[in-house]
Amino acid sequence: MTSLALPHFTAEEFRRRAAHQKGGPLTEAWREHGDHLLNTDMLLQLETMRLRDAAVLVPVVDDGADARIILTQRTMTLRKHSGQIAFPGGGIDEEDASAEDAALREAEEEIGLERRFVEPVGRLPQYLAGTGFRITPILSVVQPGFTLRPNPDEVADVFEVPLSFLMDPKNHRQESKVWNGVVRHFYVMPYRERTIWGVTAGILRTLYERLYA
């Protein structure tokens with residue numbers, strides 16, 4: 001387990017990089033990043049799927065020289081992505097004014113993170129998930145002083161990981177497995193006793209490529 005040198009990983013530097021991202025425009029750039037780039041044969045299939053719009057909050061806690069990202073572990077009783085490491089988030093409802101509003105609402109419902117502590121600072125390209133979602137990651141800075149109250153129906157645990165660890169490509173391992181008869185490639189980011197993979201690792205890899213590569 002390695003981490004990069006500071007001070008590139010303060011919340012203020014994250015905010016600045018979120019506003020000046022590398023790569024193409026957000027509406028098209030999803031094809032160019034993360035595990036989408038590892039599975040180019042799947043891009044056309046994803047584009048033609050009927051997907052539900054969703055949003056996740058990428059909450060970066062302003063924790064001095066080494067900011068930290070809040071992640072959750074989903075309960076085993078959920079219908080999709082059960083037991084996986086995830087960002088707080090979910091489907092965008094008709095009542096939500098924007099993807100940002102949906103992500104903030106879901107973070108309040110899932111982990112009790114009050115929106116008064118959260119400042120959205122940008123978006124990443126959408127992530128198209130084979131499980132049926134078109135996900136908009138909302139980049140945000142979270143000020144200290146919050147108290148988390150996980151919803152036990154959805155969240156088994158909440159924890160934080162240093163931004164410096166997650167943005168170190170040495171900690172991004174590529175693996176593959178057969179899914180529906182086809183070999184799929186994906187990123188895995190082991191952290192202590194946990195394994196970050198799937199959609200969450202794909203979004204984190206995109207974050208690295210857009211802001212820190």
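Reader: At what angle do helix H1 and helix H6 pack, and how far apart are their axes?

Author: Keep in mind that this is a predicted model. In it, helix H1 (residues 11-19) packs against helix H6 (residues 198-212) at about 85°, and the axes are 9 Å apart.

Reader: Why is H1 called roughly perpendicular to H6?

Author: The label covers angles from 65 to 115 degrees. The angle here is about 85°, so H1 counts as roughly perpendicular to H6.

Reader: Which residues make that contact?

Author: H1 brings Phe14, Arg17 and Ala18, while H6 brings Leu207, Leu211 and Tyr212. Sorted by class, that gives five nonpolar residues, no polar ones and one charged.

Reader: Which residues have the most contacts inside the largest nonpolar core?

Author: Phe14, Ile69 and Leu207 do, in a core of 38 residues. H6 supplies the largest share of this core, with eight residues. Leu207 is in contact with Phe14, Val58, Ile69, Leu124, Leu139, Met167 and Tyr212, once neighbours within four places in sequence are set aside. Another core, of 18 residues, lies apart from the largest one, and its members include Ala55, Ala102, Leu104 and Phe146.

Reader: What makes Ala11 buried?

Author: Buried means under 20% relative accessible area. Ala11 has 1%, so it is buried. Ala11 lies in helix H1 and touches Asp62, Ala67 and Val141, not counting residues up to four places away in sequence. The C-alpha atoms of Ala11 and Asp63 are 7.4 Å apart, although 52 residues separate the two along the chain.

Reader: And why does Thr72 count as buried?

Author: The cut-off is under 20%, and Thr72 comes in at 1% relative accessibility, so it counts as buried. Thr72 sits in strand S2 (residues 68-74). Beyond four places in sequence, Thr72 touches Gln84, Ile85, Ala86, Pro88, Ile111, Val155, Asp157, Val158 and Phe159.

Reader: How do you know whether Gly34 is buried or exposed?

Author: Check its relative accessibility, which is 2%. That falls under 20%, so Gly34 counts as buried. Gly34 is in helix H2, where it touches Tyr187, Gly202, Arg205, Thr206 and Glu209, leaving out residues up to four places away in sequence. Gly34 and Val199 are 165 residues apart in sequence, and their C-alpha atoms are 9.6 Å apart.

Reader: What about Asp41: why is that residue called exposed?

Author: Exposed means over 50%. Asp41 has a relative accessible area of 54%, so it is exposed. Asp41 is in the loop between helix H2 (34-38) and helix H3 (43-48), and it touches Val182 and Arg184, again not counting residues up to four places away in sequence. From Asp41 to Leu163 it is 122 residues in sequence and 31 Å in space, C-alpha to C-alpha.

Reader: What is the phi of Arg192?

Author: Positive, at about 55°, although Arg192 is not a glycine. For context, most residues other than glycine have a negative phi.

Reader: Where does pLDDT stay under 50?

Author: Over residues 1-5, for which the model has 15 contacts beyond four places in sequence. Where pLDDT is low, the predicted coordinates should not be read in detail. For the protein chain, the mean pLDDT is 89, and 93% of the residues reach 70 or more.

Key
Residues are numbered from 1 along each chain as its sequence is written. This is a predicted model: local features need pLDDT of at least 70, side-chain atom pairs count only at pLDDT 80 or more; totals for chains, interfaces and linings use all residues. Side-chain values use heavy atoms; hydrogens and water are left out. Axes are lines fitted to C-alpha atoms, for helices over the stretch in contact, and angles run from 0 to 180 degrees between N-to-C directions. Helices (H or I, at least four residues) and strands (E, at least two) are DSSP runs, numbered from the N terminus. Angles under 35 degrees count as roughly parallel, over 145 as roughly antiparallel, 65 to 115 as roughly perpendicular and the rest as oblique. Contact means heavy atoms within 4.5 Å. Ala, Val, Leu, Ile, Met, Phe, Trp, Tyr, Cys and Pro count as nonpolar, Asp, Glu, Lys and Arg as charged, and the others, Gly among them, as polar. pLDDT is the predictor's confidence in each residue, from 0 to 100. A nonpolar core is a set of buried Ala, Val, Leu, Ile, Met, Phe, Trp, Tyr and Cys residues joined through side-chain atoms within 4.5 Å. Buried means under 20% relative accessible area, exposed over 50%, partly exposed in between (1.4 Å probe, protein chains only).
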